Amino acid sequence: MSTIVPITASFLLISVPIYASQHPRRMPMNRKTLRFLEQVSRFGSMRKAAENLNISSSALNRQILALEEEVGMPLFERLPRKLRLTAAGEVLVAHAQAVERDYRSTMGRIAALKGMERGTIRLSTMGGLIYGPLLALACEFIRQHSRMLVRVEIQPSPEAIAARVMSGESDIGLGYNILPNPGLRILQTIDVEIGAVVSPDHSLTHKSALRLSDCIQYPIVTGTDTMAIRSVMDHAFASAELPLQPTVETDSIEVIKQFAMSGSAITFLNPFDISAEMERGALMWLPLVERYFPIPSLRLVVRSKGVLETAAARLAENIKSQMSAYSG
């Protein structure tokens with residue numbers, strides 16, 4: 001008996017490392033690799049995702065292959081021109097987005113405990129809105145919260161804004177005609193009427209009852225087909241059975257306003273878009289007698305699930321107050 005025990009013990013000591021070398025312990029999923037996965041799914045390309053992440057395509061590919069090996073299933077369909085998520089990939093991307101939301105929320109709470117709000121607030125909006133009162137609000141906010149990073153992301157459509165907020169990629173969304181959705185909580189809605197926008201010394205300012213037909217005598221600056229305001233204008237002029245023959249087309253709301261301020265052209269926007277210019281007397285907004293233009297709804301939205309961190313909630317409240325003041 002006395003000779004068997006040490007032999008058994010020595011066998012056990014030898015056998016454990018041999019077993020471990022045959023079955024190496026896999027590294028668990030972490031936030032970094034999950035972020036890699038989310039970026040590849042967003043771009044649909046290993047090369048574009050790698051450029052955005054500032055790493056090599058080969059290194060990113062190794063991370064994705066390791067993740068697929070860990071899951072035991074392919075996460076992407078390798079199509080000729082793009083990568084498309086498989087069902088397993090979609091499940092894991094949803095998990096990755098949830099992990100990122102939880103991480104930001106946790107770090108925000110820790111920062112609040114330290115008494116120094118640090119972190120990132122992501123705001124998705126439309127190009128025209130950032131040049132209005134939203135810019136002044138953002139500037140005032142960063143003066144009060146200098147440790148916070150406010151990331152303003154310009155989206156091409158209300159659907160894109162809604163998608164970013166519902167996925168947790170953006171904390172706050174502000175845009176026209178964002179449709180109600182169970183995944184969104186609407187904090188504020190105001191209706192904004194579209195009218196003619198002119199320089200203060202324009203002859204149209206003397207019209208007591210302005211009609212759309214009065215406006216076509218003057219050069220018109222419009223957005224390109226990629227901008228929502230262009231489709232709105234096309235619809236309005238078609239409804240009035242009037243030709244829309246713009247003198248200037250641009251994909252920049254700021255350029256549109258510059259042409260209007262110079263007096264060389266008129267355009268059509270809502271007062272919220274030009275509130276800063278109206279305040280300093282650079283532009284005037286003139287209501288139209290007819291109702292050819294639809295009245296868009298400006299909505300402020302957040303995710304229906306979860307709670308905004310303190311700083312993000314404060315920014316949302318500031319925007320809400322500005323919208324209420326405009327509505328009043």
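Visitor: Where is the place of Glu 290?
Guide: This is a predicted model, in which local features need pLDDT of at least 70 and side-chain atom pairs count only at pLDDT 80 or more, while totals for chains, interfaces and linings use all residues. Residues are numbered from 1 along each chain as its sequence is written, and side-chain values use heavy atoms, with hydrogens and water left out. Helices (H or I, at least four residues) and strands (E, at least two) are DSSP runs, numbered from the N terminus. In these terms, Glu 290 has its place in the loop between S11 and S12.

Visitor: Is Glu 290 buried or exposed?
Guide: A residue is called buried under 20% relative accessible area, exposed over 50%, and partly exposed in between, using a 1.4 Å probe and protein chains only. Glu 290 has a relative accessible area of 18%. Glu 290 is therefore buried.

Visitor: Which backbone nitrogen lies 3.1 Å from a polar atom of the side chain of Glu 290?
Guide: Contact means heavy atoms within 4.5 Å; leaving aside residues up to four places away in sequence, Glu 290 touches Leu 210, Arg 211 and Leu 212. A polar contact is a pair of N or O atoms within 3.5 Å; within protein, one must be able to donate a hydrogen and the other to accept it, and residues adjacent in sequence count only if both atoms are side-chain atoms. The backbone nitrogen at 3.1 Å from the side chain of Glu 290 belongs to Leu 212.

Visitor: What separates the C-alpha atoms of Ala 196 and Leu 212?
Guide: Ala 196 lies in strand S7 and is buried, with a relative accessible area of 0%. Residues up to four places away in sequence not being counted, Ala 196 touches several others, including Leu 210, Cys 215 and Trp 285. Ala 196 and Leu 212 are 16 residues apart along the chain, and the separation of their C-alpha atoms is 8.5 Å.

Visitor: Which residue stands opposite Ala 196 in S10?
Guide: Two strands pair if DSSP finds at least two bridges between them. S7 (residues 195-198) and S10 pair in the antiparallel sense over three bridges. In S10, the residue opposite Ala 196 is Phe 268.

Visitor: Which are the edge strands of the open sheet of three strands?
Guide: This open sheet has the order S10-S7-S11, with antiparallel pairing. An edge strand here pairs on one side only, and that holds for S10 (267-269) and S11 (284-286).
Guide: Axes are lines fitted to C-alpha atoms, for helices over the stretch in contact, and angles run from 0 to 180 degrees between N-to-C directions. Helix H11 (residues 253-262) lies across S7 and S10. The angle at which H11 runs to S10 is about 125°.

Visitor: How many residues of strand S5 are buried?
Guide: In a regular strand the side chains alternate between the two faces of the sheet. In S5, Ile 172, Leu 174 and Tyr 176 point one way and Gly 173 and Gly 175 the other way, and all are buried. S5 (residues 172-176) is largely enclosed by the rest of the structure, because the buried residues number five of the five.

Visitor: Which residue in S12 is the bridge partner of Leu 174?
Guide: Three bridges join S3 (residues 119-125) to S5, and these strands run parallel; Thr 125 of the chain stands opposite Leu 174. S5 also pairs with S12 (residues 297-303), in the antiparallel sense and over four bridges. In S12, Leu 174 has as its bridge partner Leu 300.

Visitor: What is the phi of Asn 177?
Guide: Asn 177 is found in the loop between S5 and S6 (184-191). Its relative accessible area of 39% makes Asn 177 partly exposed. Although Asn 177 is not a glycine, its phi is positive, at about 55°.

Visitor: What is the relative accessible area of Glu 241?
Guide: Glu 241 lies in the loop between helix H10 (228-239) and strand S9 (248-250). Glu 241 is not a glycine, yet it has a positive phi of about 55°. Glu 241 is exposed, and its relative accessible area is 72%.

Visitor: How are H2 and H4 placed to each other, roughly parallel or roughly perpendicular?
Guide: The axes of H2 (residues 31-43) and H4 come within 10 Å and cross at roughly 105°. Angles under 35 degrees count as roughly parallel, over 145 as roughly antiparallel, 65 to 115 as roughly perpendicular and the rest as oblique. H2 and H4 are therefore roughly perpendicular.

Visitor: How many residues of the contact of H3 with H4 are nonpolar?
Guide: The axes of H3 (residues 46-53) and H4 (residues 57-71) come within 9 Å and cross at roughly 105°. Ala, Val, Leu, Ile, Met, Phe, Trp, Tyr, Cys and Pro count as nonpolar, Asp, Glu, Lys and Arg as charged, and the others, Gly among them, as polar. Met 46, Arg 47, Ala 49, Ala 50 and Leu 53 in H3 meet Ser 57, Leu 60, Asn 61 and Ile 64 in H4. Of the residues in this contact, one is charged, two are polar, and the nonpolar ones number six.
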